[in-house]
Amino acid sequence: MASRLLWASRAASHLKISVFHRGFASVVKDLKYLDSHEWVKVEGNSATVGITDHAQDHLGDVVYVELPEVGTPVSQGSSFGAVESVKATSDINSPISGKVLEVNGELSESPGLINSSPYEKGWIIKVEVSDSGEVKNLMDADKYSKFCEEEDASH
């Protein structure tokens, strides 16, 4: 009995530590970021778009994602859909201009993928890029991390 209590105490202690020390959300080095907390990964003339770990953390549990239709034009900085969470509904803005090539249909059944895997399984759309020069208008990982720190400090 004592060994079970010791194990439970250690497990609880470990869980508290790992949750308590979360700190700032993760930022992926190879991505570019919009100041409204969307990310983009450009590969040739195709780009994958999603919301950042920082954004999903502030939203809370995502319960619904409004996705655009394939073929819909998107413009840098303009809304193309929305994310609804237990706390709020937020527009999703495109970090890059182009045409929607693909939507992540898994989000219709499992919107929580945005919370559990914002940079991998939780991607939202893939876009055929119309102006690759727009990438210069976006933040790199270091600038985005600093932006998040300053934004969080001001709230």
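Q: How many residues lie between E6 and E7 in their hairpin?
A: This is a predicted model, where local features need pLDDT of at least 70, side-chain atom pairs count only at pLDDT 80 or more, and totals for chains, interfaces and linings use all residues. Residues are numbered from 1 along each chain as its sequence is written, and side-chain values use heavy atoms, with hydrogens and water left out. Strands are DSSP runs of E, at least two residues, numbered from the N terminus. Between E6 and E7, the hairpin has three residues.

Q: Which residue of E7 stands opposite Ala 82?
A: Two strands pair if DSSP finds at least two bridges between them. E6 and E7 (residues 89-93) pair in the antiparallel sense over five bridges. Opposite Ala 82 stands Asp 91.

Q: How many residues of strand E6 are buried?
A: Buried means under 20% relative accessible area (1.4 Å probe, protein chains only). Strand E6 spans residues 79-85 and is mostly covered. Of its seven residues, the buried ones number five.

Q: Which residue of E6 does Tyr 64 stand opposite?
A: Strand E4 covers residues 62-66 and runs antiparallel to E6. Four bridges join E4 to E6. Opposite Tyr 64 is Glu 84.

Q: Which strands are the edge strands of the open sheet?
A: The open sheet has six strands in the order E1-E2-E3-E9-E8-E5, with antiparallel pairing. Each edge strand pairs on one side only. They are E1 (32-33) and E5 (73-74).

Q: What stands opposite Val 42 in E3?
A: Strand E2 (residues 38-43) pairs with strand E3 (residues 46-51) in the antiparallel sense. Six bridges link E2 and E3. Opposite Val 42 is Ala 47.

Terms used. Buried means under 20% relative accessible area, exposed over 50%, partly exposed in between (1.4 Å probe, protein chains only).
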